[in-house]
Structures are given as C-alpha cells and as structure tokens.
Amino acid sequence: MANFMQNSVVSYACTCGLVNPITKLFFCRHCLKLRCGFCVCHEVDSHFCSNCLENIPSSEAKHKKNCCTNCFNCPCCQHTLSARATMVVVPKKTDDSPKEGEGDGVKAVTKKMYYLSCLGCRWTSRDVGIPDQNVATGAWPENECSYQTRFNALLEYYQAVVLQDKQEKQEYLRRKTPKAHKFPSLTDRTGLTVSMIRRQIGWPDKNTQKAKPVNITPSVATDELEDLPADVFTQPINLRNVSNIQQRHGQPSDQPFTVNKLYPQRRILWIKRSLRCRQCEHNVIKPEYHPTSVKYRIQLFANYHVPDVLLVRSEEVLHAGKSGSIILKLTNPTMHDMSIKIKELPTLSEELEMIEEFKLACKIKENTATSAAAESLKSITSSPSLTSTTLSRQTSLIEDPRIVQQKANVKLNNSELNFVLNQRDDSTEFDEDVQTPREEPEFIIWRKSNKVSIRLPFTTDESLKVGDLVKVGFTMEYTYVNTVTNTPTSHTLSARVFIDAGQILGE
Amino acid sequence: MSHAEHNEIKIMAKAIVCEDCSLIGDITISPGCVIHPSATIIAEAGPIVLGENCIVEEYSTIAFRLPTDNKIDPAVEVRTLNIGANNVFEVGSRVEACHIGEKNVFESKCYVGPCVFVSSGCIIGAGVRLVSEQKLPENTVIYGRNCLQREAIDKHGSQTLQIDFLRKVLPNYHHLRKPNYDPKKMRIAT
Ligand SMILES: [Zn+2]
Ligand SMILES: [Zn+2]
Ligand SMILES: [Zn+2]
Ligand SMILES: [Zn+2]
C-alpha cells in the first residue's frame, strides 16, 4: 500500500502473465486466482455527475449525451464553473411606474442575477457575452453550432443504415440456418419470448418494418477556397486571442479558433463500474449504487487476500555475480494463519505447462457453459440486451495467458524458505503482554502480529553490467482459507513476485 | 545595504497592521491596508510604499531585493517601490516584482521574480512561478501548472467586502501596531 500513488518496486504476475503492483490486482474468491484489469470484464453500473453527484439512469444519460445538465466546465481551463450571484440594479417595469412614482422619476429595484465563473482562470460567462440569468441552474443557453441540423440529419441517416444492415443480416441468418425444431422443447422453455418463438417457427419478426434510410444530400468537395487575408503574414499574431488545442478539443462541434467563441461546456458524466471475473462470471468489484458512497458491496482487491510483500531495503551493494540480500516485510491480510513457502520461479517449461493447464481449465468451463446456461442467465437478468452483449460474448474473451515478460536475473541461495504468517488480529495492537520468543528460522529478522521481516539472500547473474537493474523474482506459495463455501477449506496458492532490488554498482 | 539596516515603518491611520509580522527597511503603509500576522515585507534595495486597501495575507512575502550581485551603484538614485492600491497578496505568495500596479491578485503560493513588471488588473494564479524577465500587460491572468496566459475581459470583483470584514475581525484576536504617521501633520511640521 505504500506504493499506491507511485510506481511500485514490488509487482505480482497475474494469472494471465501480465505484471502489476498488488494495488491493481483483484482476487477471485471462486477461482482462487489473481485477476488483473484484462482478466475481468468491466460493466457500467451507473452514471453520475462528479460535481453535483446526481445519479442519472443510463437511458437518460445516453439521451443527454453523457453530460450533466446542471454543471459546466470552463472552456478555457476545463475546471468546474461555479455560479456566482451579483446584485444588479434594474429599472422597474414601465407598466406600473407612471402610476406610483411619477414624482421621483424611474424607480429602480435590485435583483439577484447569476453568472458562471471559473475559479481557476477567472473566465466568466460574461466574457463571451452570455447574459446573466435569473436562476443559478438550468437556464443557461445551449450553444448550438451552425451545422447542427446537418449533423442531426447525418446522425439519423446512419442510424437507419445500421438498422437496415442489422435486419438484413438477421434475415440472412434465418434463411441460412436449418430449422432445428419446429416446436420448442420443454427444457428450452425458460426465458422464451414471443419473438424467439416466432423466429424458431420461421416467421419474420412482427415489429420489423423494413427500415429504409431517408436520402441525404451528400457533401461535395470544393476547391474554391477563400484567400488568406493580406495581413496574415505582416501582422504580429496575438496568441492570447487564439485558442489552444485543449480548448478546441473541449468544444469539438465547432472547434473555435479564437477565445471569444469559447462557451461553457456541459460536464461529462462519470461512471461507477463493477468488475466481473471472466472465467467464472462472479463479481470481483461491485460498488454501492449511490454516487455519494465510496464503499463497495463486493471488493475482492488482491491486497485483502494475498500476502503483501514490501521491500524494506537492500542489504549490500550489488555487484554482478556476487551475493546480495534484500529485506522484505510480509503482511498477512486475512483472518487465518498462512504458511508461506518462498522458492524459485518456475522454469520456462513449467510455465508453459501452467499455461496449458489454465487453457484446459478454461475450455472445460466453456463447454459446460452451454447455450442452455446462457439462456437461463438471460431470463434472470431483466434486460436481454445487456446479457447478450456483455455476458455471453465476453466469456469467450478470456485474456490469453502468456509467459511473464519480466525476468528475474538472480538465483535464490536457499531452495526454499518456509515460515508461518500469523493471522490479522486488530486487537493485538492493544495487547500488553510481550510475545513469547519462539524458535525462529535464522532468516526471520523480526515478527509482530501478522507481519514478518525476512532476509532473502541471492546471487546476481554474472552477465549483468554496471547500471543494470537487479530483479529478484520468486514464487510465493501460501495457504489460503476459502470462506465462500460452507465449510472453510484450505488451499495452497502461489503468486509470482518480482522486486526491483536496485542497480548493479561499479567497483 | 544602508536601507535595510534601519527600520523605518510608517503606518498611516486606518491601516490594520498585526504586531507579529516582520517589516524590514523603510516601509510606508497607506490607509486601509491589512497586514496579517506572519506576513513579511522586506525593503532592501529601497523604500516600499504600499498603496491603499492592500491585503497582505499570512506567510506572504513582498521583497524589494538588491540585485543578485549585491552591489548598489552609487551613481544611480535609490528607487522607491511604489505598490499600487487594492492589491491582494494571498497566503504564501512571494512577490519580488520590480513594479506592481493596481488591483492585482497574487494567489496562494505563487512566486513573482524580481525581473517581472506587473501592471494593473493582473491575476497571478496559485502556484504559478514567474522567473524570467517579462512585462505583464494589463488584465493578464496566469493560471495552471503550465502558466497559461489569458486576458481577463470581465473585471474581477473588488475586495472591499473582504477588507471591511478583516478590519472588523482582526483587532479582536491580534495585537496591532499603532498608526504613527500622518501625512498632513508631517507637511505642517516641515
Ligand atoms: Zn490478468
Ligand atoms: Zn452535475
Ligand atoms: Zn477556467
Ligand atoms: Zn472467477
């Protein structure tokens, strides 16, 4: 956890062979395997605005083009704009002024008016001539670019094209596939919809009116261009009036050239996502629904389950072909004692074997997960479109395991180091009794509650040159008690750990 | 070094100067100014005249430094650094500019080097560092990590509300330095 914000010197190999710091890894409690960002499928749970924390349903979010209706970003520096109130003196309406106040002329009243202002760069909505508003939110004018209608026409056209394409493909598939069963069998009955029956019988879908895209006038290229103004080569350019790349990309519809055409931009929504193991389809991460909550309903981060390895220091100056040692601190994050075994990394052939084994396991999984299972899944989840696109398709997208690219360039001096890592017990910190010293192997330097410091001696490779980074790698076998099942079962799992021990120094 | 050796602090009436700020050199503080505790003003190369209604916040430093080679050319007349009215020096700012006009805001933790000429209505954003020799035109806003510049079209709000508030609150919690200088009386005396 010490390396949460910076590059970590300790990294773990995921089951797929990619190397990540422990803070970026997850642990599937059902497969008992490490998972990285590529080994989980990412699903959007909810959309929300990070400024006003309003939760926006996904259909509405799509309709609003994934933008918040109330919050704006500064077009100048992309900071959040805040509404500011000013008191403005406005003349009273002309209807009632002649009746009462003929004697003292035009009466004036103060009125609260709002404008948008950026606290970062002091940009205000007055800079581009947006009039002040009576209400703080909701009434800000939409800046529509000049070719909005053309854009809408194109959008409509291409949506129709996509629809037509889809229908034709469906029609083709229906004609091509032989009719397997005229009548649905009893086992198939779960999750059968009317449209599926129709499809099975061979009738066309009821709601398919042949979508025909309306014709649009295609754009025509022209070579008639306006000449550059004469002073473009002679007048010095004032860079303050020219918008920068970031500002133009922030306003993609018209990409203004000058800063006086920068308009407040609606704030883009953020998402909460849940992560699902690609092998077993169990959730690995599931956030709480409400945007204000930063907690999780399911949080299987690797550092809650896998012993955390920390590099304390490197003991000796490192030379090629000489021995060195590093001091590591291991922490047991679980509520069960772990016995740990540190040994050499698997050889290449062993690694290939592991990959084959893993692939085989995936294949068995895939075969058992027949289409029937997928069908039943479909009926469980309410929206069929979601399951068909996310679940059934992504199971086949399991990240192909590969050989770990990171290579260790040291040999461990001991073939095995065995020790026990005590369970985590938050109350031991308050215990007063001194721990009874017990027989410890000599490589253990220090031990307190669930933490252990060990010395790991190794010999660096002869081939290393001055300035090369010494990579210590080892396989850490640890016992893990699985509490998902009714009776806790103990497993021996292993993780491949890589540590940057420092550079080779010259003589 | 002649000016830094003796402190000559002139505080005019209606200025709020907290006792535990450090003022070094020949400094004149005009009416309406608010100097917070732990602020530092160093008049090393010549006198500093702080204009009316300036706010100097905590841990901010205004310095009129000697040139880096630490030599004063005796032939050149000693220059006075006249700081205009309505400037705000926010918490932790460090301003060594050679000229400061009116209505500037130096935001928190910014640094303005000695070769910078600050005109009027400028805003130096939080954390911005200006080191090289430059002249900031009026209404310049410098913001962000990359010190981007823009020109403020709309004038930024005045600090009168803040000044009034500070003038009310600060005397309740801090010992103040007493005003010791009245330009009218001085005129009569001479
Ligand atoms: Zn992975
Ligand atoms: Zn919002
Ligand atoms: Zn801004
Ligand atoms: Zn899994």
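Colleague: Which residues coordinate the zinc ion (ligand 3)?

Modeller: Cys74(A), Cys77(A), Cys118(A) and Cys121(A), each through its SG atom, at 2.2 to 2.3 Å. A donor is an N, O or S atom within 2.8 Å of the metal (3.2 Å for Na, K and Ca); water is not among the atoms, so sites may look incomplete. Keep in mind that this is a predicted model: local features need pLDDT of at least 70, side-chain atom pairs need 80 or more, and totals for chains, interfaces and linings use all residues. Residues count from 1 along each chain as written, chains are lettered from A and ligands numbered from 1 in written order, and side-chain values use heavy atoms, without hydrogens and water.

Colleague: What arrangement do the four donor atoms make around the zinc ion (ligand 3)?

Modeller: Tetrahedral, because the donor atoms subtend angles of 100 to 116 degrees. For four donors, that label needs all angles between 85 and 135 degrees. The ideal tetrahedral angle is 109.5 degrees.

Colleague: And how are those donors spaced along the chain?

Modeller: For the zinc ion (ligand 3), the spacing is C-x2-C-x40-C-x2-C.

Colleague: Is Cys74(A) buried or exposed?

Modeller: Cys74(A) is buried, at 1% relative accessibility. Cys77(A) is partly exposed, at 21%. Buried means under 20% relative accessible area, exposed over 50%, partly exposed in between (1.4 Å probe, protein chains only).

Colleague: Next site. What holds the zinc ion (ligand 1)?

Modeller: The SG atoms of Cys14(A), Cys16(A), Cys36(A) and Cys39(A), at 2.2 to 2.3 Å. This site is tetrahedral, with angles of 107 to 115 degrees. The donors follow C-x1-C-x19-C-x2-C in sequence. Cys14(A) and Cys39(A) link distant parts of the chain, 25 residues apart. Cys14(A) is in the loop between strand S1 (10-13) and strand S2 (19-20), and Cys39(A) is in the loop between strand S4 (33-35) and strand S5 (40-48), in chain A. Strands (E, at least two residues) and helices (H or I, at least four) are DSSP runs, numbered from the N terminus.

Colleague: Where do they sit: is Cys39(A) buried or exposed?

Modeller: Cys39(A) is buried, at 7% relative accessible area. Cys14(A) is buried too, at 0%.

Colleague: What are the protein donors of the zinc ion (ligand 4)?

Modeller: Cys28(A), Cys31(A), Cys277(A) and Cys280(A), by SG, at 2.1 to 2.3 Å. The donor angles run from 102 to 115 degrees, so the arrangement is tetrahedral. The spacing is C-x2-C-x245-C-x2-C. Cys28(A) and Cys31(A) are both buried.

Colleague: Changing topic. In what order do the five strands of the open sheet come?

Modeller: S6-S5-S11-S12-S13 in chain A, with antiparallel pairing. Two strands pair if DSSP finds at least two bridges between them.

Colleague: Which strands stand at the edges?

Modeller: S6 (55-56) and S13 (296-299) of chain A. Each has a single partner strand, so one side of each lacks a neighbour in the sheet.

Colleague: How many bridges join S5(A) to S11?

Modeller: Eight, and S11 covers residues 270-277. Phe48(A) stands opposite Trp270(A). Ser46(A) has Lys272(A) as its bridge partner.

Colleague: What about S11(A) and S12: how many bridges join them?

Modeller: Two, and the strands run antiparallel. One bridge partner of Leu275(A) is Ile285(A) in S12(A). S11(A) and S12(A) form a hairpin with five residues between them. In that turn, Glu281(A) has a positive phi of about 65 degrees.

Definitions and conventions
Tetrahedral: all angles 85-135°; square planar, octahedral: opposite > 155°, others 65-115°.
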